[in-house]
Amino acid sequence: MDQNSHSFDSHSIEELDHQPPMPWDQLLTAIRRSPHLSAVEAARIAQSQSGASVDVLSPLPASGAPTWDGVHTVINTLQRKDLLPDHLPQTRSASVMLTHLLTELALSISGHRRPRPDLGAASAESKAEAAQARFETECITWVIAGRLGVRAAATGSLKGYLKHDDLIPEFSRDRVLQTVDTIEDLFGGALAFGAVIREETPSLFELDMSLAV
């Protein structure tokens, strides 16, 4: 399915240069299903194994929806790190807000939106095509959501690629993987990030069950 001929360019997997690149849909699935590993490490392990095909569209087991308490913690963390987007959507859905934040971080940290924070991820070229920016951003958002156990559908050109075998633009696998790791590292890794987004602040008052509706 993967029509892109670019192999990994990360120095961390130089030993695999002699192997053909794993199809991108299979690699994304392996990374989404390995939140206990960094994205780069999960990709290296998946690439090193002779992979049986994985159903890329099968849903991940949900770990519970994000809470507003958790999303507010994410917002506060990004604000302290000067990474909070200027505009946030008006929504009553914590999942929608979280997905928006992930997309904005993907655009910023990957370098597809200037100014770019210097956090160590591979930066996009200044003249990157719009199609490349969209595809990489969609990949980053979808992968992180999956690793956090959040139900988020693939969108745009990524959805077309996964569902309809559409061709994909040239893109950097390294930039996608490094951006995933950089965003997750802001919260201590994927597993810790998943715990953060499900935080519940205890109520100051216990509910009187006789008054519960």
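Is Glu 184 buried or exposed? Glu 184 is buried, at 2% relative accessibility, where buried means under 20% relative accessible area, exposed means over 50%, and partly exposed is in between (1.4 Å probe, protein chains only). Bear in mind that this is a predicted model, so local features need pLDDT of at least 70 and side-chain atom pairs count only at pLDDT 80 or more, while totals for chains, interfaces and linings use all residues. Residues are numbered from 1 along each chain as its sequence is written, and side-chain values use heavy atoms, with hydrogens and water left out.

**Salt bridges: the ground rules**

- Side chains of opposite charge can pair when their charged atoms come close.
- Here a salt bridge is a side-chain nitrogen of Lys or Arg within 4 Å of a carboxyl oxygen of Asp or Glu.
- That rule gives three salt bridges.

**Two bridges between H5 and H7**

- Arg 147 and Glu 184 join their side chains in a salt bridge, with N to O at 2.7 Å.
- This pair ties together distant parts of the chain, with Arg 147 in helix H5 and Glu 184 in helix H7, 37 residues apart; helices (H or I, at least four residues) and strands (E, at least two) are DSSP runs, numbered from the N terminus.
- Glu 136 is buried at 0% relative accessibility, and Arg 175 is buried at 3%.

- Arg 44 and Glu 41 meet through their side chains in a salt bridge of 2.6 Å, N to O.
- Both residues belong to helix H2 (residues 39-48), three residues apart, or about one turn of the helix.
- An α-helix has 3.6 residues a turn, so residues three or four places apart point the same way.
- Arg 44 is partly exposed at 24% relative accessibility, and Glu 41 is partly exposed at 25%.

**Helix H1, tucked inside**

- Nine of the nine residues of H1 (residues 24-32) are buried, so this helix is largely enclosed by the rest of the structure.
- Among the buried residues are Trp 24, Asp 25, Leu 28 and Arg 32.
- What do the buried residues of H1 pack against? Their partners are H2, H5, helix H6 (156-164) and H7, with contact meaning heavy atoms within 4.5 Å.
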